[in-house]
Amino acid sequence: MNVSRRSFLGGAGGALALPWLVPASALGRDGTVAPSNRITVAGIGLGGRGCGVMRSWVLPEKDVQFVAICDVWKPRRDNVKKIVDEHYGNHDCKTYIDMRELLARPDIDAIHTATGDRWHAGISILAMRAGKDVYTEKPASMTVREGQAVVATAAKYKRVYQAGMQRLSEPNFVVCNELVRLGRLGEVKTVYAHLAPGGNMNLHRDWLPAEPLPPRDVIDWDAWLGPCPWRPYNHAYLPSGWHRDHDLYTGRIGEWGSHTFAQCHDALCAEGTSPVFYQYVNDPTPDGQRMRFANGVEMVSVQRGWRGTCGVRYVGTEGWVSCADGYSMPEASRPSLLADYQKILADYCVRTGYTGQNHMRQFFNSVKTRAKTVANPVMMHRSMTTVHCANIAQWLGRDMTWDPVREEFVNDPEANRMLSRAQREGWQIF
């Protein structure tokens, strides 16, 4: 209040003149988007897959600003900052070790997380509680109870959520699924879901030998483990050595099944349910495992038969269609099934609001409109429930019957105890 009239007017004059000096980008001119209309995004745990998605699907978007990275491992934290700062030509990307500090920022709209399997659901829940929308990589849950918690949290806090089941947004897969929904294949009796070749789903339950623990700013080992049972530090867990461990990994079924099971659920309009029967097969891969929905349709896990990865094949009384990554067009039992490919896709766009853009862009559109995403919490949870039930049948070595309404196995207390996992003290999330 001790400012003179002259100095106040001088300051006011300077302030009034300021808009003439603001860059066009700040006002949304010259094809740019004004900051007030941008979606601000932060990453949590972005390694190879996460950085690939960030480079291809986040940084190029003009209405999106990537502002911060949290990673408990310094090399990855520094790598993301370097990529982001070079892209924007500044040094503004903030870095965090503790995700709680990042989530406390009120200026962040959405979180992109691509940690290991053990953290996907937990980070999603914490982020949504903090008022953030979430794009999470798959497999998006480690247990049935985790999936239920994600669904409940998204509903309670009214958050937009997209699981990284990106083939639900890819034209070839969309058309295949539409052929089933439109009845072009007749009555569909069997669908086939591609599993990652090789491997053994009987995961390790032991620990790697203890090694000297690096300083916390290099690796926050306690946070890296999170809710999972404690084990001593060993560098072999990083970056992807954890794929050997039961406590940290959803296994061979979860690896590609988190994609292909979701495709089958979508094609069969089974977003809100899961198969009622799970067969045990005496094969550690587990090739040929059969799962049956309540309407009698069988889904079969198959490792071979596609020229690309993450394939699906739908067989009906009037024909079949198949697709996988790398196909220029789906394959079908007769050319006429795909003769109106573009019309099928256009009609789907009209019906659903799908824009034909990538999976992350679909998420950003929903952040703005609050529309339901294609890989929404319910779709994620029910298709991942199928993954978890298939795993449990294999781990226990017997056929299983599932009640999708009660979300529990029928008359099988031992199997039902495997629907959740204990959360380590200090890291209980739900």
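1. Helices (H or I, at least four residues) and strands (E, at least two) are DSSP runs, numbered from the N terminus.

2. This is a predicted model, in which local features need pLDDT of at least 70 and side-chain atom pairs count only at pLDDT 80 or more, while totals for chains, interfaces and linings use all residues. Residues are numbered from 1 along each chain as its sequence is written, and side-chain values use heavy atoms, with hydrogens and water left out.

3. Contact here means heavy atoms within 4.5 Å; axes are lines fitted to C-alpha atoms, for helices over the stretch in contact, and angles run from 0 to 180 degrees between N-to-C directions.

4. Strand β2 (residues 64–70) has seven of its seven residues buried, so it is largely enclosed by the rest of the structure; buried means under 20% relative accessible area, exposed over 50%, and partly exposed in between (1.4 Å probe, protein chains only). Six bridges join β2 to β1, and the two run parallel, with Val41 opposite Phe66 in β2. Between β1 and β2 the chain passes through helix α2 (residues 48–58), in a β-α-β crossover that is right-handed. A crossover has this hand if, with the strands pointing away from the viewer, the path from the first strand over the helix to the second runs clockwise.

5. Strand β2 is also joined by three bridges to strand β3 (residues 94–96), again in parallel, and Cys70 stands opposite Tyr96 in β3. The chain crosses from β2 to β3 through helix α3 (residues 74–88), and this β-α-β crossover is right-handed.

6. Eight of the ten residues of helix α5 (residues 120–129) are buried, so α5 is largely enclosed by the rest of the structure. The buried residues of α5 pack against elements including β1 (39–46), β4 (110–114) and α6 (144–157). Gly131, which follows α5, has a positive phi near 90°.

7. What surrounds the side chain of His120? His120 lies in helix α5 and is buried, with a relative accessible area of 1%. Leaving aside residues up to four places away in sequence, His120 touches Ala114, Thr115, Thr136, Glu137, Lys138, Pro139 and Ala140. A polar atom of the His120 side chain lies 2.6 Å from the backbone oxygen of Thr115, and the backbone oxygen of Glu137 lies 3.2 Å from a polar atom of that side chain.

8. The structure holds zero disulfides, a disulfide being a pair of cysteine sulfur atoms within 2.5 Å. For Cys323, the nearest cysteine sulfur, that of Cys176, is 4.6 Å away, and Cys323 counts as buried at 0% relative accessibility. For Cys349, the nearest cysteine sulfur, that of Cys176, is 15 Å away, whereas Cys349 counts as partly exposed at 21% relative accessibility.

Methods
Polar contact = N/O pair within 3.5 Å; in protein donor to acceptor, adjacent residues only side chain to side chain. Pairing = 2+ DSSP bridges.
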